[in-house]
Amino acid sequence: MGFETVIGLEVHVQLNTNSKIFCGCSTAFESPPNTNICPVCCGYPGVLPVLNRRALELAVRVSVALNCRINNRIYFERKNYFYPDLPKNYQISQYKLPLGENGFIVIPSSKGRDKKKVRIKRVHLEEDAGKLIHKKAYSLVDFNRTGIPLLEIVTEPDLNSPQEAFDYLSLLKLTLQYIEVSTCDMEKGYLRCDANISVRREGERELGTKIELKNMNSFRGVRDALAYESKRQINMLREGKKLHQETRLWDEAKGVTMVMRSKEEAHDYRYFPEPDLVDFFVTEEMIEEQRSSIGELPADKRRRFLESYPFEEKEVDILLSSRWLSSFFEDCLKVFDNPRNIANWIIGPLLEVANEKGGLEAAKLSPATFAKIVRYFVEGRINNISAKKILCAVFDTDGDVDDIIKKEGLTQVSSEDDLLVFVEESIKENPRAVEDFSHGKQQAVMFLVGQVMRKTKGKANPKIVRDMIERRLKQ
Amino acid sequence: MRDDFSSFTGYDIARAIKNGDCSSEEICSFYLSRIKNIDSVLHSFVEVYHEPVGENGESSLSGVPIAIKDNICIEGRKITCASKILSSHISVYDATVIRKLKSAGLKIIGTTNMDEFAFGSSTENSCYGPTHNPWNTDCVPGGSSGGSAAAVAARLVPFALGSDTGGSIRQPASFCGVVGFKPTYGRVSRFGLVAFGSSLDQIGPITTNFVDCAHLLNIICGIDPYDSTSSRRPVPDFTRSLVPEIRGLKIGLPREYFGEGLDREVEGVLKEALMVFEKMGAEVYDVSLPHTEYAVAAYYIIAPSEASSNLQRFDGIKYGLRVASDDLLSLYKKTRDEGFGRESKRRIFLGTYSLSSGYYDAYYLRALKVRTLIKKDFDEVFKKVDVLFTPTSPVAAFKIGERIEDPLSMYLSDVYTISANLAGVCAVSFPCGFTKNGLPVGGQLIGRPFGEEDIIRAGFSFQTETDHHKRMPPLSLVTEEQKDKSWL
Amino acid sequence: MVDKKTVKYVANLARIGISDEEVEYLIPQLSRIISYIDKLKELDVSDVEPTRGATREENVLREDRVAGSSYRDKILNNSPLREDGYFKIPRVIE
């Protein structure tokens, strides 16, 4: 008999505001310990929180992007528990009345898999906790992160495989990046994910015993932990063993999950409305303002790209991998409407150069400049090698392409008259290649083309050179 | 004696300074020496600033000394809330009211004793020991702002700030024969007031008279961007309400406040006070606040619940007391066991219990609903009358130690003051007379939300016709040395 | 009413270590107070909205601006134990 895996995910994402959610401290990453702190975020006696407008707006934006029903009047509550990373020993969070509820996101079909609608149970705003650093004999506390606005996004248990969970996370991250609410950098802790997983026999209606998984540090980690856990639970059931509701930690190095705490020590958070804040009104104007700032979401864009361009899914996914890149692509088309070549040059050379030069974020290159390089290449005015050379030069300067061509003399040489002397020289200097060719070795032609390219410092039109060599050798 | 300012009001002193009759330094040293000579008996101050803290600001009270309850933060100074758990803590910032006092040119001459974290009605729950009532040093001064009230009553300082969560300004004012004003919730910023019951707390002035009260309110009221619950409602000039004119003012007497439990003598004093109002042309009506009998119960769920959460920050990690331990859990437990006094623990337990899973709906949520009913009672009654007149406390000051082992009866004595906090309205206690043993009896005027002007006008009018507020505590309290100087 | 187990449970939630004698001392006091506040159960409040605290007609928000912070040293100096700019605590076992 088969088993079904049921997964729900709880994602925490830091919103990219300048200041913390309830005080004016900076949210800058990697500041020296306890530099971005003040009486408010350190829970000093007598302090009071005041909500950051931007944090509320970004939270509304996410709720809109995730198709949530937005509560027009919200309030915060206190979640009470003692932990040294929580200066007040309560977290200002939302409980009974979250900002967004009953949303959904659709994972598009791909690689032969059907599309999947994942329901979003709730989206709520809260404050982040500080950081603990564990030494051998003691621990250290840093409150820099305390009070950074955090959004909790909880799904219904709608995911049925580790891969589905992975796909959901990828789409969620892309969406949050597109709407510019967070960089979602998991390594920096801007995005964190916990999972709930249970298994049940196929056809059963009741959910199985829920296990909470923590300590996954990457999407791959989430997928691996879920795969491990799903297998473990199915094996337990197969062996007739009972599962206990518990929290387990993923051990990345060992590739296993281990019990953290069992449900007996369950927390009693004593939630109650935060009396230091008043109710907040999420007006239609605020919602509309955020809606209009969202633009086309990645899932919609993907569908449109697949319909409008002759690309494969894989190519589209690369073009959509960031909002910057996808709009760069479409902006290029406005200048040079040749999707195939623009896409090829983005997916190939541009990303290569970006990799060498510290990522796309570093790019100063404008779509117009890039499109011009591709157009010159397609028109045969420059060759492949020169085009790449120019791309390298303008990537972080957005310099003038024509200037560079002129200065470096990169205009492609396509005239047979001009090339003849180089072709003849190469043949004369490489009798062995000529002989190889006569024995039927086609590669010899490419070798000779390479020689010509070297002699012309890469400016020769390789197609014409090849033509000339073949004709010459067959004579 | 030329240099005796003890019968001066704060406003008198400010005018004297302005006129060049004396300097702020002279005034401060006068009060500092009074504190030195008298406070060993009263124990109303926690810390005395021999170099008063202040700035050269301009206001109708500039240069006048003031004392601050030890739960309001003053930058660079100890803030302890009379708790061992905060015993060495230095505030790193000024409360908003302190900023305002400084820029108004007032001189802070010290911090005053209180019940630990403002939990109490007697100032006996202090890690520094109790404060004594200047009218009878065997008696409590009331609480929790007992230090402020006793200091003002004994003229150790012209006025002081207190805080009021369920009567903590008004009840000690009543016991000590001074004016204690709790503004409407949101009128005064709570930023820098160490929170007890966040939805109930208000800072307010304790003065000998309504003139000083109005001037101080002018300085401390107003919206604060650091307090989300502070009101954006414009603050009127309260000194404009200092007119002896209450003809046609409708005074309501809520019958629930004059029933069982009210001391006969206190009732007698209030009846006489009422006649003063009537004589001046006020109209008196019998009214009802039907849910009054549930106020104490609702309060003792809401306030301890909020307090239990507010006090979680005292954990031995960031500031204050820490009892060392090898593991974190026992560090928390030992620190909080040693750091908190008995009453604090009782309230923390009570609040934690009310909020814990399984009890929330039965206690906390229900209390919030009862709060709505109490609020509606006030809304209704204020459609008929302008102000309410009630006793502040069912009794005059009781003996030190008399009720300390019976917390419930102590809680029940807050019955007349609690509703104003639950409803968020403003209220003031002012001296209405004395018992035959010479203990002061306070009457309470309750006004509409943001109706401070009505109760100031009524109180001021009363004080133009009476002089209970001018009486000073008897000589018996001062030391032999002081008697010789016969400064009174 | 309130028993030993409840008092101990609540004390643990509140992270206050109390002795057995203290528990015994507190039981009758808390019981009396709680039976008094049970008075609220007399009222039918099913149709009543709770009053959560202050209400305001407009949003009370601050703009997303960084205010320079100069509190680091003062705040660290107030802490009972610190090391290299951190607050130092007993080892936390996850």
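Predicted model: local features only at pLDDT ≥ 70, side-chain atom pairs only at ≥ 80, totals over all residues.
Visitor: What area is buried between chain A and chain B?
Guide: The contact draws on 31 residues from chain A and 38 residues from chain B. Carbon and sulfur atoms give 59% of the area lost between these two chains. That buried area is about 2800 Å².

Visitor: Which elements of chain A give two or more residues to the side that touches chain B?
Guide: Across this interface, 20 residue pairs are in polar contact, both residues being at pLDDT 80 or more. The elements of chain A that give two or more residues to the side touching chain B are strand 5 (77-80) and strand 16 (272-273).

Visitor: What area do chain B and chain C bury between them?
Guide: This contact takes 66 residues from chain B and 52 residues from chain C. Of the area buried, 66% is on carbon and sulfur atoms. The value is about 5400 Å².

Visitor: How many salt bridges are counted between chain B and chain C?
Guide: One salt bridge joins the side chains of Glu22(C) and Lys345(B), at 3.1 Å from N to O. The count between chain B and chain C is 5 salt bridges.

Visitor: Which helix of chain B gives the most residues to the side that touches chain C?
Guide: The rule finds 23 residue pairs in polar contact across the interface of chain B and chain C, with both residues at pLDDT 80 or more. Several helices of chain B each supply at least two residues to this side, among them helix 8 (295-310), helix 9 (328-339) and helix 10 (342-355). The element that gives the most, with 12 residues, is helix 11 of chain B.

Visitor: Why is helix 14 of chain B described as largely enclosed by the rest of the structure?
Guide: Helix 14 covers residues 452-465 of chain B and reaches 20 Å from its first C-alpha to its last. Its buried residues include Ile455(B), Ile456(B), Phe460(B) and Phe462(B), and what covers the buried residues includes helix 6 (210-220), helix 7 (264-279) and strand 10 (426-434) of chain B. The helix is largely enclosed because the buried residues number 10 of the 14.

Visitor: Is Gln290(A) buried or exposed?
Guide: Gln290(A) lies in helix 4 (residues 284-294) of chain A. Leaving aside neighbours within four places in sequence, Gln290(A) is in contact with Glu57(A), Val60(A) and Arg61(A), and its side chain makes a polar contact with the side chain of Arg61(A) at 2.9 Å. Because its relative accessible area is 2%, and the cut-off for burial is under 20%, Gln290(A) is buried.

Visitor: How many residues apart in sequence are the parts tied together by Glu424(A) and Arg472(A)?
Guide: Glu424(A) forms a salt bridge with Arg472(A), the closest N and O atoms being 2.9 Å apart. Glu424(A) lies in helix 12 (residues 416-429) of chain A and Arg472(A) in helix 15 (residues 462-474), so the pair ties together parts whose separation in sequence is 48 residues.

Definitions and conventions
Residues numbered from 1 in each chain as written. Chains lettered and ligands numbered in written order. Heavy atoms only, no water. Contact = heavy atoms within 4.5 Å. Buried area = accessible area lost by both parts, 1.4 Å probe. Polar contact = N/O pair within 3.5 Å; in protein donor to acceptor, adjacent residues only side chain to side chain. Helix = DSSP H or I, 4+ residues; strand = E, 2+ residues; numbered from the N terminus. Salt bridge = Lys/Arg side-chain N within 4 Å of Asp/Glu carboxyl O. Expected span 1.5 Å × (residues − 1). Buried < 20%, exposed > 50% of the residue type's maximum accessible area, 1.4 Å probe, protein only.
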